[in-house]
Amino acid sequence: MPDTTICAVATPPGRGGIGVIRVSGPTTASLIETVVGPLPSARRASFRRFAGDDGVAIDEGLVLWFPGPHSFTGEDVAELHGHGGPVVMDRLLQRLLGLGAELASPGEFSQRAYSNGRIDLTRAEAIADLIEAGSESAARAAVRSLQGEFAQTVERLVRRLTDLRVHLEAGIDFADEPLEGLALDGVVQRIEAIAAEVAETRRAAGRGQRLQEGLTVVIAGRPNAGKSSLLNALAGRDAAIVTALAGTTRDVLDTYLHIDGLPLRVLDTAGLRQGGDVVEQEGVRRARQAMREADRILLVTDDTAPALAADDSEITDLQAELPASVPVTTVVNKIDLSGRTPGVANDGFAVSALTGDGMAALREHLRASLGEDDTEAVFIARRRHLQSLDAGAAAIDEALEAAHAGAGEELVAESLGEAQRALGEITGAVTPEDLLGRIFSTFCIGK
Ligand SMILES: Nc1nc2c(c(=O)[nH]1)N(C=O)[C@@H](CNc1ccc(C(=O)N[C@@H](CCC(=O)O)C(=O)O)cc1)CN2
Ligand SMILES: Nc1nc2c(ncn2[C@@H]2O[C@H](COP(=O)(O)OP(=O)(O)OP(=O)(O)O)[C@@H](O)[C@H]2O)c(=O)[nH]1
Ligand SMILES: [Mg+2]
């Protein structure tokens, strides 16, 4: 346990009704007594004078005292709730520093909570993610992780892997005493079930990570369909160059915008066609690349364009261009010219990027399809979680291959152990003693 006492202003900088200073560490009690007088009762708000070193009040306010281990960090913690002005907060902080406290580094309270076993890594990260959340969906997902849903899912997977290893390693260590139920096909089924759950967790975590970082929408379609005009209509400003010439956009243009608080990264791309000069062909290659990495594609068609001859070598087959794994919303554009009614139609969303007709319905559709659907199953997640889940899945695949190939239990168990370590990194929990303990508790060694 660290022997320093840390302090920091916990409320944002600037002026506010109330400003909170947090203190944590072994000398908290004596610091607080010096500033506010006799220790207040635990976990109850008390109104006190906050005295400076000259005995003159710096402020008056509420003090909270949380004796360890029943505190956020597990250490002795106190909070001073004063008036939220920068000068008052700074004077209170200086007072505590003068009494020997140290300025907390970023995340140090949460880090101490983690090292004292108060929260696991996913919860510590969820605190930061909740504070950073840029949309209601991201905030909802972060709270679910904060309440331990992600950690519990991962812990359940680690437990199942451990059980299976116990089963297999018992076969190794006690080889002269053959056990029932070690038939490898039973093992294969159990590995397959775990693999399916890892894949499901990976999907939920992947969605959560995209919610946090902002989803990517790619605007694609034929040249001149009005893709750049659609981007400008969504962004509400002239982000992209629009001209009457087909082949205007060549680079991929990256724009960040919000739809009802949902953060989106919208990419405008070059019109898909064969031919054109080298620059345009490179643009088309980049457009295809962007489409593969999208969370959703907005496929823009021109409602005034005549049906295209299928054998026109300039024209690529749009449907065949679409990556199968990415959902597509078709946007029928230029309805101010074709005279079609704006809004939802059989073949997509009918809009005019020029007049804005139908855009409200399209925005609502984007918000609904990217934000609020299946959020029940979403955990806020970070790249490192996804990497661990991928590493876990790869090791489980290896175990499965080894089991299928009739390899020894040892090899299968080794891959499962690797998967367990990879997943254990997510919560920061796995220790080899854990596994040993379980082996010895399920099998009597003297038998
Ligand atoms: N004023 C204040 N508000 C806050 C926090 C804080 O530290 N201070 N939090 C900081 O992130 C969050 C709440 N999280 C917290 C989690 C645990 C404990 C805590 O003291 N737990 C003890 C005692 C529980 C009890 O009183 O029964 C425990 O679990 O043993 C406090 C805050 C959000 N709001
Ligand atoms: N009347 C009308 N014209 C539109 C609409 N949307 C786009 N246009 C026009 O269509 C032409 C092409 O628009 P862009 O937005 O540059 O089309 P694009 O799909 O980005 O074209 P490329 O970048 O060349 O692939 C421009 O002259 C626009 O003013 C619309 O809704 N109605
Ligand atoms: Mg364009």
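Predicted model: local features only at pLDDT ≥ 70, side-chain atom pairs only at ≥ 80, totals over all residues.
Residues are numbered from 1 along each chain as its sequence is written, and chains are lettered from A and ligands numbered from 1 in the order in which they are written.

The chain contains 15 helices and 13 strands; helices (H or I, at least four residues) and strands (E, at least two) are DSSP runs numbered from the N terminus. Of the 447 residues in the chain, 39% are buried. A residue is classed as buried if 20 or more other C-beta atoms lie within 10 Å of its own, as exposed if 12 or fewer do, and as partly exposed in between, with C-beta atoms placed from the backbone. Two residues are in contact if their C-beta atoms, placed from the backbone, lie within 7 Å. Among contacts in the chain between residues at least 6 apart in sequence, 65% join residues at least 24 apart.

Axes are lines fitted to C-alpha atoms, for helices over the stretch in contact, and angles run from 0 to 180 degrees between N-to-C directions. Angles under 35 degrees count as roughly parallel, over 145 as roughly antiparallel, 65 to 115 as roughly perpendicular and the rest as oblique. Helix H3 (residues 108-115) and H4 cross at roughly 165 degrees, their axes coming within 9 Å, and H3 and H4 are therefore roughly antiparallel. The crossing of H3 and H4 is right-handed; a crossing is right-handed if the near helix is turned clockwise from the far one by less than a right angle, and left-handed if anticlockwise. Ser110, Ala113 and Tyr114 of H3 meet Leu121, Ala124 and Ile127 of H4. This contact has five nonpolar residues, one polar residue and no charged residues. In this classification Ala, Val, Leu, Ile, Met, Phe, Trp, Tyr, Cys and Pro count as nonpolar, Asp, Glu, Lys and Arg as charged, and the others, Gly among them, as polar.

Helix H4 (residues 121-132) also packs against helix H5 (residues 136-146), with axes that come within 8 Å and cross at roughly 155 degrees. That angle makes H4 roughly antiparallel to H5, and the crossing is left-handed. On the H4 side the contact involves Thr122, Arg123, Ala126, Ile127, Asp129 and Leu130, and on the H5 side Ala139, Ala142, Val143, Ser145 and Leu146. Seven of these residues are nonpolar, two polar and two charged.

Residues in the contact include Ala391, Ala395, Ala399 and Ala402 of H13 and Leu411, Leu416, Ala419 and Leu423 of H14. The contact of H13 with H14 comprises 13 nonpolar, four polar and three charged residues.

Several loop positions were also characterised. The peptide bond from glycine 68 to proline 69 is cis, with omega near 0 degrees, and proline 69 is in the loop between strand E4 (57-66) and strand E5 (77-84). Asparagine 224 has a positive phi, near 75 degrees, and lies in the loop between strand E7 (215-221) and helix H8 (227-235). Asparagine 224 is buried, with 22 other C-beta atoms within 10 Å. Valine 252, in the loop between H8 and strand E8 (253-259), is partly exposed, with 16 such atoms within 10 Å. Its C-alpha atom is separated by 6.3 Å from that of leucine 267, 15 residues apart along the chain.

Arginine 43 has a positive phi, near 55 degrees, and is exposed, with 12 other C-beta atoms within 10 Å. Arg43 also belongs to the surroundings of ligand 1, together with Phe66, His70, Ser71, Phe72 and Glu79; a residue is near a molecule if its C-beta atom, placed from the backbone, lies within 6 Å of it. This shell has two nonpolar, two polar and two charged residues. Ligand 2 is surrounded by 23 residues, the closest being Gly226, Ser228, Ser229, Thr249 and Gly271. H8 gives the most to this shell, with three residues. The shell around ligand 2 divides into nine nonpolar, eleven polar and three charged residues.
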